[in-house]
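The sequence and structure come first.

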Amino acid sequence: MTEDLPRFTLLQRLIHWLMAIGILSMLFIGVGMVSTVTETHLALVSIHKPLGVALFALVLIRLFVRLTSGAPALPAALPEPMKLAAHLSHYALYALMIAMPLLGWGMLSAAGYPVTLWPGATLPQILPESRELHTLLWNAHSALSFAFFALVLLHVAAALFHALVRRDGVFQQMAGGAR
Amino acid sequence: MSDPIRSSGRSTVVSLAVIALVVGGAATAFAYTAGWLSPDRLTPAKMTDAFAPPGGPALGHRRNHAKGVCFTGTLEASGGAAALSKAQVFAAGKYPVVGRFNLGTADPMAADGAARVRGLGILVRTPDGQQWRSAMIDAPVFPVSTPQAFFELLKASGSKEPDAMMSFAAAHPEIAGFGGWAKSAPFTASYAEERYNSLNSFVFTNAGGEKSVVRWSLEPEATPVTVSADELKQRGPDVLTSEITDRIAKGPARWTLVVTVANPGDPTADPSKAWPDDRRKIEAGKLTVERIEAEPDGPCRDVNFDPTVLPAGVSVSDDPFPAARSAVYAVSFDRRAAEAAHYPKSAK
């Protein structure tokens, strides 16, 4: 039954849901933009870069809020392996949220491309031009994007499992709604 | 009365089904977006593969325009195009250029005389931190109207079917323009005697926000001297590379950058169609090639001459090719960068 668990703060919930929409969009945009030679390619690329920067800014704010506000405890009745899985998957999500924009920025820098957010606005180059470095970062950005999507799916499945099957209030900690 | 445990069990099954549906639906949408469910989608990877000769691509090299030589020089803008585009590259001034003369072939060892198409790529940097990249060729028109048609052309020209090209030409009559040029245009024995054309159209936006659709060309200062195809072949496989190296060692070569402005109704979306000769032409500046460097040690080796790397004031038009070129050049770059170990270490 739904326990009356403490919730994430309103700010944390707001950032979470903003980033949820942003990250899901980003993963679809990323995999879509490299799959077509039509004008959609350029349109998606032009969203991918500024959205990536916005998500990077959001995750830094989020990390700060998390370190200052903390997170509400999981239900005491939740089995230990599920608690461990929850904690580990959240570390992984944070790591990906921080790493993906940096890898993308770095791989473009290493390829010598200007990182243009919109016409006239270009980010500085953060790495020297290098084929080897570009390849390393490109491979990481690509492989981790699929890992990220898989982890997001797992996260959604777990959230729904809490909401629909366990009905233990964990979903409401982030979703809000009636107690 | 229903059994509470059984009904709870049933609702758990329903809940699990809902979860499976949400996760499965998201995964399917992702797979669709990635093109995994659409084997007919023309992906950048497929287009890149289509350039490869039967024996496979030359590892570490560009997948097309694979043979080339680097140059550095300057673009001296006259300010003539500044009324059309607010980009700094068109404001009067001198800007450094990294470029590459190249041949339209997937074979980096091809004989210079064997290539019909010659190209020139430039990367111009301006003090405001922006870049203008352009890759041009000497053909006056592109063979086809759409990236899809270009993919089919690559397939047809690599096909073993004897009438593949015939049936392609029948389905794509626009190829006649390029075909006529390829058959009859005289050869020169120098990269410096060629005119290089953007072929694709782009949009210039000036400081007042007014837009014009343009194409551009580099017109050589050197007078073209015609040589026969046979004579060119006799001069050796690297005749163009050694000629341009010797020529620039003696003194710079120059081109005039000419911007042509479309009239309303001109075929801006179709690079296989030339615009009428009477269109407004503006001299935007001079390109000076000052130094030649072999590609393996040169500054152009790792440059992707992506034609969509544009400064503010220049943007893509309704021409579908720059988007396709950007997508495909990126794959070509990613692959050759990953194959760096296969690329010759040094020209010496």
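Which residues of H2(A) are buried?

## Helix H2 of chain A

The buried residues of H2(A) are His41(A), Leu44(A), Gly52(A), Leu55(A), Val59(A) and Arg62(A); a residue is buried if 20 or more other C-beta atoms, placed from the backbone, lie within 10 Å of its own. Helices (H or I, at least four residues) and strands (E, at least two) are DSSP runs, numbered from the N terminus.

The model is predicted: local features need pLDDT of at least 70 and side-chain atom pairs count only at pLDDT 80 or more, while totals for chains, interfaces and linings use all residues. Residues are numbered from 1 along each chain as its sequence is written, and chains are lettered from A and ligands numbered from 1 in the order in which they are written.

The buried residues of H2(A) pack against helix H1 (10-33) and H3 of chain A, together with H8 of chain B. With 31 residues, H2(A) reaches 44 Å from its first C-alpha to its last, close to the 45 Å expected at 1.5 Å a residue; the expected span is 1.5 Å times one less than the number of residues. Gly70(A), with a positive phi near 70°, follows H2(A).

## Helix H3 of chain A

H3(A), residues 80-110, reaches 43 Å between its first and last C-alpha, close to the 45 Å expected. At Ala99(A) the helix bends by about 25°, and Pro101(A) follows within four residues. The bend is the angle between axes fitted to the seven residues ending at a residue and the seven starting there.

Buried residues of H3(A) include Leu96(A), Met100(A), Trp105(A) and Leu108(A). Their packing partners in chain A are helix H2 (39-69), strand E1 (115-118), strand E2 (121-123) and helix H4 (131-166).

## Contact between the chains

In all, 41 residues of chain B are in contact with 32 residues of chain A, contact meaning C-beta atoms, placed from the backbone, within 7 Å. Helix H1 (4-33), helix H2 (44-50), strand E12 (314-316) and helix H8 (321-338) of chain B each supply at least two residues of the side that touches chain A. H1(B) gives the most, with eleven residues.

## Thr105 of chain B

Thr105(B) is found in the loop between strand E2 (93-103) and strand E3 (118-125) of chain B. Thr105(B) counts as buried because 22 other C-beta atoms lie within 10 Å. Leaving aside neighbours within four places in sequence, Thr105(B) is in contact with Ala66(B), Lys67(B), Ala110(B) and Ala115(B).

Definitions and conventions
Two residues are in contact if their C-beta atoms, placed from the backbone, lie within 7 Å. A residue is buried if 20 or more other C-beta atoms lie within 10 Å of its own, exposed if 12 or fewer, and partly exposed in between; C-beta atoms are placed from the backbone.
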